[in-house]
Amino acid sequence: MASRGICVVIEDDHDIRDLIGLILSAEGFEVHSFETGTEGVMAAERLNPTLVTLDLGLPDMDGREAAKLIAAVSPAPILMITAFAEREDELHGIASGAAAYLIKPFRPRQLREAALDLSPHELAPTPLAPTPLA
């Protein structure tokens, strides 16, 4: 299976964090999971992820604030995964930097499809053609 790169999962609920990791690992992501926004933001800056999943209700900061901080340090698309289900919540999430919004409880297929849409296969580097010597 081709690598889809690194996914940073930021989720304070252990069971949901494990479920997200299991689903995305099966799709070829190298998953790194974090419980707080602070840890997740630092990881997004350090790990150069191809995808970030982000809960809104984190123990140390609002997920929308975390999204803004992540967007400032990483070009990775952010997939918000949250129980906040009102249309206004989704609009605020997108406005804070999320590329997509998934409402809990979600079906594994929904997560899989959203992640694959946001983070296509990594392409192998193209070798450079040799340059003629002058």
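Asn48 is exposed, with a relative accessible area of 58% (exposed means over 50%, buried under 20% and partly exposed in between, with a 1.4 Å probe and protein chains only). The residue sits in the loop between H2 and S3. Helices here are DSSP runs of H or I with at least four residues, strands are runs of E with at least two, and both are numbered from the N terminus. The backbone at Asn48 stands out too: phi is near 55°, a positive value in a residue other than glycine. Most residues other than glycine have a negative phi, and most peptide bonds are trans. Pro105 is found in the loop between strand S5 (100-103) and H5.

A word on the model itself. It is a predicted one, in which local features need pLDDT of at least 70 and side-chain atom pairs count only at pLDDT 80 or more, while totals for chains, interfaces and linings use all residues. Residues are numbered from 1 along each chain as its sequence is written, and side-chain values use heavy atoms, with hydrogens and water left out.

Now for the overall layout. The protein has five helices and five strands, and reading along the sequence gives the pattern β-α-β-α-β-α-β-α-β-α. Of the 134 residues in the protein, 43% are buried. Contacts (heavy atoms within 4.5 Å) reach well along the chain: among those between residues at least 6 apart in sequence, 62% join residues at least 24 apart.

Next come the helix pairs. Two packed helices are described by the angle between their axes and the distance between the axes. The axes are lines fitted to C-alpha atoms, for helices over the stretch in contact, and the angles run from 0 to 180 degrees between N-to-C directions. Helix H1 (residues 14-26) packs against helix H5 (residues 108-118) at an angle of about 55°, and their axes are 10 Å apart. H1 and H5 are therefore oblique to each other; angles under 35 degrees count as roughly parallel, over 145 as roughly antiparallel, 65 to 115 as roughly perpendicular and the rest as oblique. The crossing of this pair, H1 and H5, is right-handed, a label used if the near helix is turned clockwise from the far one by less than a right angle, with left-handed for anticlockwise. On the H1 side, the contact is made by Ile20, Ile23 and Leu24, and on the H5 side by Pro108, Leu111, Arg112 and Ala115. Sorted by type, the residues of the contact of H1 with H5 come to six nonpolar, no polar and one charged. In this scheme Ala, Val, Leu, Ile, Met, Phe, Trp, Tyr, Cys and Pro count as nonpolar, Asp, Glu, Lys and Arg as charged, and the others, Gly among them, as polar. Leu19, also in helix H1, is partly exposed, with a relative accessible area of 35%. Leu19 and Pro108 are 89 residues apart in sequence, yet 8.5 Å apart in space, C-alpha to C-alpha.

Helix H2 (residues 37-47) and H3 make another pair, with axes that come within 9 Å and cross at roughly 15°. That makes H2 roughly parallel to H3. H2 passes H3 in a right-handed crossing. Here Val41, Ala44 and Glu45 of H2 meet Ala66, Leu69, Ile70 and Val73 of H3, and the residues of this contact divide into six nonpolar, no polar and one charged.

Asp55 is placed in the loop between strand S3 (51-54) and helix H3 (63-73). Asp55 is buried, with a relative accessible area of 5%. The side chains of Asp55 and Lys104 are joined by a polar contact of 3.3 Å, that is, a pair of N or O atoms within 3.5 Å; within protein, one must be able to donate a hydrogen and the other to accept it, and residues adjacent in sequence count only if both atoms are side-chain atoms. Leaving aside neighbours within four places in sequence, Asp55 is in contact with Ile10, Glu11, Asp12, Gly63, Ile81, Thr82 and Lys104.

Ile6 belongs to strand S1 (residues 5-10) and counts as buried at 17% relative accessibility. Not counting residues up to four places away in sequence, Ile6 touches Phe29, Glu30, His32, Leu47, Pro49, Thr50 and Leu51.
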